[in-house]
Amino acid sequence: MNHELFARRTGEGSQVVVLLHGFGGSHKVWTAVQGALSDRARVIAYDLPGHGESLAWSGGGPVKVAVKAVLDDLSRRGLQRVHLVGHSMGGAVATIAASSEPDRVSSLTLLAPGGFGPEINHRLLARYAAARTEMEIRTALERMIGFNSPLSQDMERGCFALRELPGQTEKLIEICGLICRDGKQGVIPREWLAGLTMPVATVWGKLDGVLPIHQADDLPPHFALHRVDGAGHMLIDEVPELVVEVIRRQLGPEP
């Protein structure tokens, strides 16, 4: 049987923000963002199936498994409406969840989301998945950030600590194979995106070396798109203030 999906909960308020990390991450990537939002809302940062404290989740890996796990956990908590936020793979999970149960999603914030086009830097992700030493992790992460963005020591240490969990590296290699099958990623149909009626904000770094920014072209007109000069793929660490600002805007005016 599955154990409960791990989540770190902070904050108080009538609104709920749900944070979904990307491939090879955990709830810890959101620490600063979660802290900055906790004065406005209850904030839940998950470990997606196959990652961190949810490593042992049965069948963890496929995006569809993560979608069901998150939606089921929200139901278990009795949460009827949430603001969904997802980075990279977590962005694909958030998008599909919003498309599956739109009445549950008050807003959608997507940071360089997966599934918006077939291109994906599968060689880089494979190296990242298999990285075991601090040097290997650092080398992969430096390819994921903008040319002039500093590499966060917290990000580097967090990635290394994650791989100290028995079986985590092997699971990441498995998940990478699912994400990058035949060197491409699965694509969320554009008509699904057009059918999303809640407010949607998308943030994408112009120097993204994992998912090219042109995947943000031709999005539905109601998507608010922020193209970020100088930023790469790791937006939570590269532009945390902008990430917080965009999410707070989705929450509406402060009371």
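Helix H4 and helix H7 cross each other in a left-handed sense; a crossing is left-handed when the near helix is turned anticlockwise from the far one by less than a right angle, and right-handed when it is turned clockwise. The model is predicted, with local features requiring pLDDT of at least 70 and side-chain atom pairs counted only at pLDDT 80 or more, while totals for chains, interfaces and linings use all residues. Residues are numbered from 1 along each chain as its sequence is written, and side-chain values use heavy atoms, with hydrogens and water left out.

H4 covers residues 122-130 and H7 covers residues 168-179; their axes come within 8 Å and cross at roughly 160°. Axes are lines fitted to C-alpha atoms, for helices over the stretch in contact, and angles run from 0 to 180 degrees between N-to-C directions. H4 and H7 are therefore roughly antiparallel (angles under 35 degrees count as roughly parallel, over 145 as roughly antiparallel, 65 to 115 as roughly perpendicular and the rest as oblique). On the H4 side, Leu 125, Ala 126, Ala 129 and Ala 130 meet Thr 169, Leu 172, Ile 173 and Cys 176 of H7, where contact means heavy atoms within 4.5 Å. The residues of this contact comprise seven nonpolar, one polar and no charged (Ala, Val, Leu, Ile, Met, Phe, Trp, Tyr, Cys and Pro count as nonpolar, Asp, Glu, Lys and Arg as charged, and the others, Gly among them, as polar).

The chain as a whole contains 10 helices and seven strands; helices (H or I, at least four residues) and strands (E, at least two) are DSSP runs, numbered from the N terminus. For 255 residues, a compact globule would have a radius of gyration near 18 Å, and the 17 Å of this chain agrees with that. The radius is taken over C-alpha atoms, and the globule rule is 2.2 Å times the number of residues to the power 0.38.

The seven strands form an open sheet of mixed pairing, in the order E1-E3-E2-E4-E5-E6-E7; two strands pair if DSSP finds at least two bridges between them. Strand E1 (7-10) and strand E7 (223-228) stand at the edges with a single partner strand each, so one side of each has no neighbour in the sheet. From one strand to the next, the twist averages 15°. Within the sheet, E2 (residues 16-20) and E4 (residues 82-87) pair in the parallel sense over four bridges. Leu 20 has Gly 86 in E4 as its bridge partner.

Two helices lie across this sheet. Helix H3 (residues 89-100) lies across E2, E4 and E5 (105-111), running at about 145° to E4. Helix H10 (residues 240-251) lies across E2, E4, E5, E6 (200-205) and E7, and runs at about 165° to E5.

H3 also packs against helix H2 (residues 63-76): their axes come within 9 Å and cross at roughly 60°. H2 and H3 are therefore oblique to each other, and their crossing is right-handed. Val 63, Ala 66, Val 67 and Leu 71 of H2 make the contact with Met 89, Ala 92, Val 93, Ile 96 and Ala 97 of H3. By class, these are nine nonpolar, no polar and no charged residues.

Helices H5 (residues 134-144) and H6 (residues 153-162) pack at an angle of about 125°, with their axes 10 Å apart. This pair is therefore oblique, and H5 and H6 cross in a right-handed sense. Glu 134, Ile 137, Arg 138 and Leu 141 of H5 make the contact with Met 155, Glu 156, Cys 159 and Phe 160 of H6. The contact of H5 with H6 has five nonpolar, no polar and three charged residues.
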